[in-house]
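Here are some notes on the model you sent over, with the helix packing and the pocket in mind.

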Amino acid sequence: MEDSYRWKNPWNIFAITYPACFSLGIYPYDLLSLTLSAFAEEIFFRAYMMRKYGNFTVSLMFALPHFLIYQNLQSLLTFFPSLFFGFLYKKTNSLIFVSLIHLYSNLVYRNFTFLHLWI
């Protein structure tokens, strides 16, 4: 079956991401930092760890460093997006696609956190 939305072609999503971010006022350094961290996490947790462990276990392992770094219970909620990222990785078999979805979730979280500071 042909993928009519071209989900497996990450460049279709990539071409939309960066101009949209610049129009929202997200600076190139921030965008690069978020992109590299999302890609690095996905390489380790999806491409490497999911070969050895299941999605549930990897999602627990994904939430643990977030908890240790930020030391609040809210950081444990990263378990749920991680389950979704693992599901997408198994469905699409595309690390770039999952990394872009991870980037989007980081951008949404960052923007909501930023808005909360100003309200």
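1. Let me begin with the lining of the largest pocket, which by class has 10 nonpolar, 9 polar and 2 charged residues. Please keep in mind that this is a predicted model. In total 21 residues line the largest pocket, and H66, Y70, T78, N106 and Y109 are those that lie nearest its centre.

2. How much space lies in the largest pocket? The computed figure is about 650 Å³. Four helices each supply at least two residues of the lining: α2 (28–52), α3 (55–70), α4 (79–92) and α5 (95–118). The points below look at how α2, α3 and α4 pack.

3. Start with α2 and α3, whose axes cross at roughly 150° and come within 10 Å. With angles over 145 degrees counted as roughly antiparallel, α2 and α3 are therefore roughly antiparallel to each other. Their crossing is right-handed. On the α2 side the contact is made by E41, F45, R46, M49 and M50, and on the α3 side by N55, V58, M61, F62, P65 and H66. Sorted by class, the contact of α2 with α3 has 7 nonpolar, 2 polar and 2 charged residues.

4. Next come α3 and α4, with axes that come within 8 Å and cross at roughly 135°. That angle makes α3 oblique to α4. Here too the crossing is right-handed. From α3 the contact takes N55, F56, V58, S59, L60, F62 and A63, while α4 brings F79, S82, L83, G86 and F87. How do the residues of this contact of α3 with α4 divide by class? There are 8 nonpolar and 4 polar residues, and no charged ones. On the α3 side, N55, V58 and F62 also take part in the contact with α2.

5. The remaining pair is α2 and α4, packed at an angle of about 60° with their axes 11 Å apart. This makes α2 oblique to α4. The crossing of α2 and α4 is right-handed. E42, R46, A47 and M50 of α2 make the contact with S82, F85, G86, Y89 and K90 of α4. These residues divide into 4 nonpolar, 2 polar and 3 charged.

Conventions: Residues are numbered from 1 along each chain as its sequence is written. This is a predicted model: local features need pLDDT of at least 70, side-chain atom pairs count only at pLDDT 80 or more; totals for chains, interfaces and linings use all residues. Side-chain values use heavy atoms; hydrogens and water are left out. On a 1 Å grid over the protein atoms alone, a cavity is a set of points where a 1.4 Å probe fits but cannot get out, and a pocket is an open set with protein on both sides within 12 Å along at least five of seven lines; lining residues have an atom within 4 Å of a point. Grid points are joined across faces, edges and corners, and a volume is the space filled by probe spheres set on the points. Ala, Val, Leu, Ile, Met, Phe, Trp, Tyr, Cys and Pro count as nonpolar, Asp, Glu, Lys and Arg as charged, and the others, Gly among them, as polar. Axes are lines fitted to C-alpha atoms, for helices over the stretch in contact, and angles run from 0 to 180 degrees between N-to-C directions. Angles under 35 degrees count as roughly parallel, over 145 as roughly antiparallel, 65 to 115 as roughly perpendicular and the rest as oblique. A crossing is left-handed if the near helix is turned anticlockwise from the far one by less than a right angle, and right-handed if clockwise. Contact means heavy atoms within 4.5 Å.
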